[in-house]
Amino acid sequence: MPRVIVSVKDRIEAAEALQVGATWLDVKDPSSGSLGMASAKELSAIAKLNSDRDWKLSAALGELADLNEIPEDWPWERIEFVKVGMSGLANGDWGLKMDRLGHALQNKYSSLVIGVYADHVAANSPPWKACLEYAIGRQMPAILIDTFSKNGVRLMDLLDVEQIKLAIRMAREHSIDIALAGSLDLPSVERLLDLGPSFFAARGAFCREGDRSGEFDASRIRNWLSVVQNCAN
């Protein structure tokens with residue numbers, strides 16, 4: 001059954017999400033873009049929450065083009081994955097940059113995940129297939145397909161079901177988990193469940209009015225968990 005990754009910005013949202021049953025939290029700064037780098041202070045506080053429960057933690061590192069160094073004060077031993085976006089790198093040697101970042105993370109316990117943008121033209125980023133092929137070649141554990149623009153455009157406005165099915169099949173053939181994101185709502189999740197992604201990731205869906213920078217509403221997480229479980233069964 002796919003897992004639901006809940007994106008939170010601070011320890012308050014994280015505690016609320018865990019209280020209603022979330023089992024995977026992803027920490028980011030929504031005011032700094034699709035994959036805005038998380039705060040070390042909040043990450044450390046979140047990592048200490050509910051130590052008696054089995055839940056996973058991941059975090060956003062920002063955009064690869066803007067990343068000059070990795071933060072040293074993160075609770076690396078607790079972070080499962082770190083995600084980095086590919087905006088601005090359509091014409092650059094992004095593979096080499098990614099290799100360097102992967103090398104820098106070798107002793108940080110966390111695995112590196114590419115944040116692929118379905119709206120790659122708007123993001124000036126390499127297309128999803130090229131990024132997935134890179135992930136396969138480097139035997140990465142997972143890949144995220146998201147949207148760069150947070151202006152109401154949804155993942156399924158950009159990629160049709162056949163393209164998403166192809167991405168999932170390619171990833172699965174190489175034992176790579178795939179997370180789907182990009183302004184997903186519950187009807188979209190219900191349509192995509194049969195394709196078998198490893199994860200659905202969201203933030204705006206858990207905020208009032210769908211505003212990813214707005215007020216968090218943890219009760220919506222419970223609805224997602226229930227729908228995913230019921231549909232999967």
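For the classes used below, Ala, Val, Leu, Ile, Met, Phe, Trp, Tyr, Cys and Pro count as nonpolar, Asp, Glu, Lys and Arg as charged, and the others, Gly among them, as polar. The exercises work through a predicted model, so keep the structure open as you go.

**Exercise 1. The largest pocket**

Task: Find the volume of the largest pocket, the residues closest to its centre, and the classes of its lining residues.

Solution:
- Step 1. Start with the space itself: the largest pocket holds about 530 Å³.
- Step 2. Its lining has 29 residues, and the closest to the centre are Ser183, Leu184, Arg203, Gly204 and Ala205.
- Step 3. Next, look at the elements. β1 (3-8), β6, β8 and α9 (219-232) each give two or more residues to this lining, and α9 gives the most, with 3 residues.
- Step 4. Sort the lining by class. The division is 9 nonpolar, 9 polar and 11 charged residues.

**Exercise 2. A second pocket**

Task: Describe the second largest pocket by volume, lining and class.

Solution:
- Step 1. The space in the second largest pocket is about 170 Å³.
- Step 2. Select Leu64, Leu67, Asn68, Glu69, Ile70, Lys97, Arg100, Leu101 and Ala104 to display its lining.
- Step 3. By class, this lining of the second largest pocket has 5 nonpolar, 1 polar and 3 charged residues.

**Exercise 3. The enclosed space**

Task: How many cavities of 30 Å³ or more does the structure hold, and what lines the largest cavity?

Solution:
- Step 1. Rolling a probe the size of a water molecule over the atoms shows where empty space is left.
- Step 2. The count at this size is 1 cavity, and the largest cavity has a volume of about 120 Å³.
- Step 3. There are 13 lining residues; Ile5, Phe81, Lys83, Val113 and Ala179 are the closest to the centre.
- Step 4. At least two lining residues come from each of β2 (24-27), β4 (81-85), β6 (142-146) and β8 (199-202). Strand β6 gives the most, with 3 residues.
- Step 5. Finish with the classes: 10 nonpolar, 1 polar and 2 charged residues make up the lining of the largest cavity.

**Exercise 4. The nonpolar cores**

Task: Which residues touch the most other members of the largest nonpolar core, and which helix supplies the largest share of this core?

Solution:
- Step 1. As background, nonpolar side chains tend to be buried together in soluble globular proteins.
- Step 2. The largest nonpolar core has 73 residues, and Val6, Leu25, Trp74 and Leu180 touch the most other members.
- Step 3. Helix α5 (residues 128-137) supplies the largest share of this core, 6 residues.
- Step 4. A second, separate core has 14 residues, including Leu35, Ala60, Leu144 and Ala201.
- Step 5. Return to Leu180. Beyond four places in sequence, Leu180 touches Ile145, Leu155, Ile164, Ile168, Leu192, Pro197, Phe199, Phe200 and Ala201.

**Exercise 5. Helix α5**

Task: List the buried residues of α5 and the elements that they pack against.

Solution:
- Step 1. Trp128, Cys131, Leu132, Tyr134, Ala135 and Ile136 are the buried residues of α5.
- Step 2. An α-helix has 3.6 residues a turn, so residues three or four places apart point the same way.
- Step 3. The partners of these buried residues are α3 (94-104), β5 (111-117), β6 and α7 (161-173).
- Step 4. Look just past the helix: Gln139 takes a positive phi of about 55°.

**Exercise 6. Buried or partly exposed?**

Task: Are Asp119, Phe216, Ser44 and Arg222 buried or partly exposed?

Solution:
- Step 1. The cut-off for buried is under 20% relative accessible area.
- Step 2. Asp119 sits in the loop between β5 and α4 (120-123). Asp119 counts as buried because its relative accessibility is 8%. Asp146, Thr147, Phe148, Ser149 and Leu158 are among the residues that Asp119 touches.
- Step 3. Phe216 belongs to the loop between β8 and α9. At 9% relative accessible area, Phe216 is therefore buried. Its contacts beyond four places in sequence include Val6, Glu13, Arg203 and Ile221.
- Step 4. Ser44, in helix α2 (residues 40-47), has a relative accessible area of 22%, so Ser44 is partly exposed. Outside four places in sequence, Ser44 contacts Asp73 and Pro75.
- Step 5. Arg222 is part of helix α9 and is partly exposed because its relative accessibility is 45%. Arg222 and Gln19 lie 203 residues apart in sequence, with their C-alpha atoms 9.7 Å apart in space.

Methods:
Residues are numbered from 1 along each chain as its sequence is written. This is a predicted model: local features need pLDDT of at least 70, side-chain atom pairs count only at pLDDT 80 or more; totals for chains, interfaces and linings use all residues. Side-chain values use heavy atoms; hydrogens and water are left out. A nonpolar core is a set of buried Ala, Val, Leu, Ile, Met, Phe, Trp, Tyr and Cys residues joined through side-chain atoms within 4.5 Å. Buried means under 20% relative accessible area, exposed over 50%, partly exposed in between (1.4 Å probe, protein chains only). Helices (H or I, at least four residues) and strands (E, at least two) are DSSP runs, numbered from the N terminus. Contact means heavy atoms within 4.5 Å. On a 1 Å grid over the protein atoms alone, a cavity is a set of points where a 1.4 Å probe fits but cannot get out, and a pocket is an open set with protein on both sides within 12 Å along at least five of seven lines; lining residues have an atom within 4 Å of a point. Grid points are joined across faces, edges and corners, and a volume is the space filled by probe spheres set on the points.
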